[in-house]
Amino acid sequence: MNSCDYAQSNVQTLITDDCGVNWKLIQPGESVPKRIGVCQYKVTVPNYPMQGESFFKTAFKDRVLANIEVTYDYSIIDPIHYIAEAKYLGKANVESDDQSNAAAIYETAENSVIDKRIKEASRNLLITEDIVEFSQAEFEDKLLKEVNKMLESKGVQLNFLSFVPIPEEQTRQAIDVVTAAKIYKAQGLEELGKAVATARAGATKMQVTVPQAEAAKNE
């Protein structure tokens, strides 16, 4: 590391004199003191939003299972707390733009810092959520607040998230039936709704597969 090294604005520069036990944040534009000893080095973490995703299976109210897809945008808002939680990230004594400190390296933090909290908060909140009445927007607001509470001491903050439940086929059919029944009832056509649901349940589901060569011939 040369004597003219300066902290850059697109990263948050941390230095340590005791092998990571304690850290000091260098403000953007300030010079980074030259590190000489084995336990004296710097680490840089991104100073811009990053994206992540999480996939898992969980249960709604009444043990209704669904696959969950979560995508989110997050920022490291307190690098000192963050590096204490994810100290295995980054590489000591490298320049700020070195590939060792590329954003892809820091995305592994999702597994231990973010992903775990999203799963835990989701499972706790979904226990009382009826999948038929589920409001994605309202749940996303609740989940975002809950996850950020859990991440507060970790130096990370979610800026926004998208929570998409994907029920299994039988569950989707049940949701369709319940929703349709409510619509028929609201229109005073409850008996007709029951008849339609019964007919639909007894209908044979057919799947037609057209060979590729035959399909090309018919185009």
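Which residue is the bridge partner of Asp-73 in E6?

**Figure 1. Overview of the predicted model.** This is a predicted model: local features need pLDDT of at least 70, side-chain atom pairs count only at pLDDT 80 or more, and totals for chains, interfaces and linings use all residues. Residues are numbered from 1 along each chain as its sequence is written, and side-chain values use heavy atoms, with hydrogens and water left out. The protein has 7 helices and 6 strands. Helices (H or I, at least four residues) and strands (E, at least two) are DSSP runs, numbered from the N terminus. Along the sequence the pattern reads β-β-β-β-β-α-α-α-α-β-α-α-α. Of the 219 residues, 33% are buried. Buried means under 20% relative accessible area, exposed over 50%, and partly exposed in between (1.4 Å probe, protein chains only). Contact means heavy atoms within 4.5 Å. Among contacts between residues at least 6 apart in sequence, 63% join residues at least 24 apart.

**Figure 2. The open sheet E4-E5-E6.** In this order, 3 strands form an open antiparallel sheet. Strand E4 (50–59) and strand E6 (156–167) are the edge strands, and each pairs on one side only. Neighbouring strands are turned by 20 degrees against each other on average, direction ignored. Axes here are lines fitted to C-alpha atoms, for helices over the stretch in contact; angles run from 0 to 180 degrees between N-to-C directions. Two strands pair if DSSP finds at least two bridges between them. Strand E5 (residues 65–76) is joined to E6 by 11 bridges, and the two run antiparallel. In E6, Phe-160 is the bridge partner of Asp-73.

**Figure 3. The loop between E4 and E5.** Asp-62 lies in this loop. Phi of Asp-62 is near 65 degrees, a positive value in a residue other than glycine. Arg-63 is not a glycine either, yet has a positive phi of about 60 degrees. Most residues other than glycine have a negative phi. Asp-62 counts as exposed because its relative accessibility is 65%. Arg-63 is exposed as well, with a relative accessible area of 76%.

**Figure 4. The open sheet E2-E1-E3.** Here 3 strands form an open sheet with antiparallel pairing. Strand E2 (24–26) and strand E3 (41–46) stand at the edges; each has a single partner strand, so one side of each is left without a neighbour in the sheet. On average, neighbouring strands of this sheet are turned by 35 degrees against each other, direction ignored. Strand E1 (residues 11–16) pairs with E2 over 3 bridges, in the antiparallel sense. Ile-15 stands opposite Lys-24 in E2. Thr-13 has Ile-26 of E2 as its bridge partner. E1 also pairs with E3, antiparallel, over 6 bridges. There, Pro-46 of E3 is the bridge partner of Val-11.

**Figure 5. The side chains of E1.** E1 is mostly covered, with 6 of its 6 residues buried. In a regular strand the side chains alternate between the two faces of the sheet. Val-11, Thr-13 and Ile-15 point one way from E1. Gln-12, Leu-14 and Thr-16 point the other way, and all of these residues are buried.

**Figure 6. Ile-83 in helix H1.** Ile-83 is placed in helix H1 (residues 79–85). Its relative accessibility is 1%, so Ile-83 counts as buried. Ile-83 and Val-45 are 38 residues apart in sequence. Their C-alpha atoms are 8.4 Å apart in space.

**Figure 7. The two sides of helix H4.** At 1.5 Å a residue, the 16 residues of H4 should span 22 Å, and the end C-alpha atoms are 22 Å apart, which agrees. The expected span is 1.5 Å times one less than the number of residues. Phe-139, Glu-140, Leu-143, Leu-144, Val-147, Asn-148 and Leu-151 are buried in H4. Seen down the axis, the buried residues fall within an arc of 155 degrees, so they line one face of the helix. The arc is that of the directions from the helix axis to the C-beta atoms. Glu-138, Lys-145 and Lys-149 are exposed on the other side of H4.

**Figure 8. Glu-129 in its loop.** Glu-129 sits in the loop between helix H3 (109–126) and helix H4 (136–151). Glu-129 counts as buried because its relative accessibility is 13%. Leaving out residues up to four places away in sequence, Glu-129 touches Phe-60, Lys-61, Phe-134, Phe-139 and Lys-142. The side chains of Glu-129 and Lys-142 make a polar contact (2.8 Å). A polar contact is a pair of N or O atoms within 3.5 Å; within protein, one must be able to donate a hydrogen and the other to accept it, and residues adjacent in sequence count only if both atoms are side-chain atoms.
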